[in-house]
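Let's take a walk through this model, strand by strand and then charge by charge. Have the sequence and the structure open as you read.

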Amino acid sequence: MAGSRTGVLRALQAVDTELTADSVEWCPVEGCQHLLACGTYQLRAPKDQPAPDGSEPQVRLGRLYLFSFSEDNTAKPLLEVQRRDSSAVLDMKWCHIPVSGHVLLGLANASGSVELLRLMECEKNSYTLQLISSLALDESCLSLSLDWSTGKSVRAREQPLKIISSDSKGQLHLLLLSEGAAQLQLLASWPAHHFEAWIAAFNYWQTELVYSGGDDCLLRGWDTRMLGKPVFTSKRYLAPGSEEAWVCPLRALVLRDSHVLGCPPLPTDTPWACAASRAAPIGSTSWLPEGEALEQVCWSASLSSSPQSSKLSP
C-alpha cells in the first residue's frame, strides 16, 4: 500500500503468501528500510483420522518471507528474496537499532519459542535471514507476541538489550540478549493474565516497565524490578454491562512517546491511553466498517499525533 499527502491509500501489488499472512514488518534500520518481513500461520489437519477424543495435536504450519521493495520496478516493486518454512509465526519485530553491526529480527512461534535471526547481505542488494539463536519458553503453549526494549532508537551504552514476550497461557517472559555470544537468556517468567496474553510491549523511555493485554479484557502494567503483582490493572476495555467482552489490546500495544499508548480493543474503537495516569483513556477513534475488527495498530514514522492501522479482520 502507498499513501499520499491527502491520506489516500492505493494498492501497488498483491502477493500470494499461500498460508495466512499473520505478521508484516518493515525493517526500521537505516539502509535496510526497503526490506519487508512477512510471517504466516495456518492450521493443518492431521494426516490420519483424528482421535475420537480430540487428543490428536493440531499442526501449525508457518513460513517466513523476506521481500525487497524497489521503486524502480513499478509493475512489481515487491520482490521475494527468501522464504523459510518453520513453525507458525505469531509475531515478529525487527530490533530498532543494529546490534554489534548486525540487523536482527525477533520471532515468536507456535512451538512456544522466541527465535533470533540475523540479516546477512550475501552480495550487493541480496539478503537472507539466518537463524542464530532460539529459546524455548514453554513447549506446551504458543508464543504470541514480542517486543524489543530499543524502540527509543537512542540506546545508552550500558543499557541491556531485552525482549518481552507473551504466550497463550497468559504468561510474560523477559529475555536478555547477550550481544557477544548472540544468545537469548531467560531472566524471568510470570503469570500475567487468566487467558491468552495477546500482546506485550516495553515502555521505551523506562524499559523496566512493560505492558500487557489479554483475553481476560485487562490491560496491565508491570515493573520488572518488582514482579509479583501489576503496577496497575485497567478494566476499561470490558463491554458495558458485561463481564465477558472484547479481547482488549489484540496483537498490538504501541508506545509512541513517554505518555501515550495505542491500545486497540475488539471490535471497534481505538482508544489512546495515558501511561502516566495508569492507562486512563485520553481519546479514541471509531472508523471501522461494520462487522470488521481492528487487530493491530502501528505508529507512522512521519506522524507524532495519531496511529495508523496495519490489520483488519472480518
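Which residue in β7 is the bridge partner of L107? It's E115. Before going further, a word on what you're looking at: this is a predicted model, where local features need pLDDT of at least 70, side-chain atom pairs count only at pLDDT 80 or more, and totals for chains, interfaces and linings use all residues. Residues are numbered from 1 along each chain as its sequence is written, and side-chain values use heavy atoms, with hydrogens and water left out.

Back to the strands, which are DSSP runs of E at least two residues long, numbered from the N terminus. Strands β6 (residues 104-109) and β7 (residues 113-123) run antiparallel and are joined by five bridges; two strands count as paired if DSSP finds at least two bridges between them. Follow β7 onward and you meet β8 (residues 126-136), antiparallel to β7 and joined to it by 10 bridges. Here E123 stands opposite S126. Two residues separate the strands in this hairpin, and N125 takes a positive phi near 65°.

Now for the charges. The whole structure holds eight salt bridges, each being a side-chain nitrogen of Lys or Arg within 4 Å of a carboxyl oxygen of Asp or Glu.

Another salt bridge pairs D138 with K169, their closest N and O atoms 3.4 Å apart. D138 lies in the loop between β8 and β9 (143-148) and K169 in the loop between β10 (162-167) and β11 (171-178), so the pair ties together parts 31 residues apart in sequence. D138 counts as buried because its relative accessibility is 18%, while K169, at 43%, is partly exposed.

Then there's D223 with R225, whose side chains meet at 2.9 Å, N to O, in a salt bridge. Is D223 buried or exposed? Buried, at 7% relative accessible area, whereas R225 counts as exposed at 57%.

Finally, look for a network of salt bridges: E18, R63, E80, R83 and D85 are linked in it.

Terms used
Helix = DSSP H or I, 4+ residues; strand = E, 2+ residues; numbered from the N terminus. Buried < 20%, exposed > 50% of the residue type's maximum accessible area, 1.4 Å probe, protein only.
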